[in-house]
Amino acid sequence: MSAVSAPRRTRLTAGGTSTRLVEAGPADRSEAVVFVHGNPGSADDWVGLVQAAGTVTRAVAVDLPDFGETVAPDGFDHRPETYARWLGSALEALGIERAHLVLHDFGGPIGLMWAGANPQRLASLTLIDTGILPGYRWHRLARIWRTPVVGEIFQAITTPRQLARGIAREEPRGLPQPFLDTMASHWDRRTKRAVLRLYRATPDPGRGPAGGMPVSADLPVLVIWGEGDVYLPSSYAGRQREAFPKAQVHVLAGSGHWPFADAPEEVERLLLDFLRTVAS
């Protein structure tokens, strides 16, 4: 495939709720590129890359429950393993049997938990500012969110625009205003509550990956990391080879925690070059 067409935006019923679906490429393929966003994020993070990946094969992105415009189903407990099971439900509903996972931020532990439970269904892995984090210490915002009472107060007094402005100040190049506006538009009471629950339910990532990980010497892996990431230091980029020996590692100078937003053309080029070698 070579023609570029706008991604399709629809809804998908999976795991007891209705989520937004952004999709490109042939919808009937059982092998697909699957984008999993982080915090704060949504399927909107991936629209450009879904469109680009759709020129290679099927590509999809969804909102995780209580992020973006998707409401979590009743009883959802906001643990990484619950999100991983929900991701599996979404892939089942989409008829995706093998996945080229593209993970960012908290999409990392969620996607890796799904992959660890389904190694035979993992076709390749792309890690964008996420992955294994030996010895990692939670960043400042995470420490606030993980602290009872303090986290609730922070969420109550931080408006969506304040959060977006604060995030932009930490980024070496800043971030595009439309990207920040979309991020702010989704930072509502429901998502704020989900963030507190998710961070408090997540084991310390510095002590090793929770839930197991796919470790295969033959697994195709692409690592993209912003050199100026203040949340997950770029020193971890090369360390992904400790779990994935054949990983291709790219550290982007001048980029931050969201390289697909502040260096979109470079990230698209790296991802498409990789997918053309691994996707059918």
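**Cavities, pockets and packing**

A: Start with the largest cavity: its lining consists of Pro 40, Gly 41, Ser 42, Phe 67, Gly 68, Met 183, His 186, Trp 187 and Thr 191. This is a predicted model, where local features need pLDDT of at least 70, side-chain atom pairs count only at pLDDT 80 or more, and totals for chains, interfaces and linings use all residues. Residues are numbered from 1 along each chain as its sequence is written, and side-chain values use heavy atoms, with hydrogens and water left out.

Q: What separates a cavity from a pocket?

A: Rolling a probe the size of a water molecule over the atoms shows where empty space is left. On a 1 Å grid over the protein atoms alone, a cavity is a set of points where a 1.4 Å probe fits but cannot get out; a pocket is an open set with protein on both sides within 12 Å along at least five of seven lines; lining residues have an atom within 4 Å of a point.

Q: How many cavities of 30 Å³ or more does the search find?

A: Three, over the whole structure. The largest has a volume of about 60 Å³. A volume is the space filled by probe spheres set on the points, with grid points joined across faces, edges and corners. The second largest cavity has about 40 Å³. Its lining is Gly 41, Ser 42, Asp 45, Phe 179, Thr 182, Met 183 and His 186.

Q: Which residues are closest to the centre of the second largest pocket?

A: That pocket has a volume of about 210 Å³. Of its 13 lining residues, Arg 140, Leu 141, Gly 166, Glu 170 and Tyr 231 are the closest to the centre. Helices H4 (140-146) and H6 (160-169) each supply at least two lining residues. Helices (H or I, at least four residues) and strands (E, at least two) are DSSP runs, numbered from the N terminus. H6 gives the largest share, five residues.

Q: At what angle do H6 and H7 cross?

A: Axes are lines fitted to C-alpha atoms, for helices over the stretch in contact, and angles run from 0 to 180 degrees between N-to-C directions. The axes of H6 and H7 (residues 177-185) come within 8 Å and cross at roughly 140 degrees. H6 and H7 are therefore oblique to each other. Angles under 35 degrees count as roughly parallel, over 145 as roughly antiparallel, 65 to 115 as roughly perpendicular and the rest as oblique. In the contact (heavy atoms within 4.5 Å), H6 uses Pro 160, Arg 161, Ala 164, Ile 167 and Ala 168, and H7 uses Leu 180, Asp 181, Met 183 and Ala 184.

Q: How many degrees is the angle between H2 and H3?

A: H2 (residues 80-94) and H3 (residues 107-117) pack at about 65 degrees, with axes 8 Å apart. They are therefore roughly perpendicular.

Q: Where is the cis peptide bond?

A: Most residues other than glycine have a negative phi, and most peptide bonds are trans. Here a cis bond joins Asn 39 and Pro 40, with omega about -15 degrees. Asp 66 has a positive phi of about 70 degrees, although it is not a glycine.
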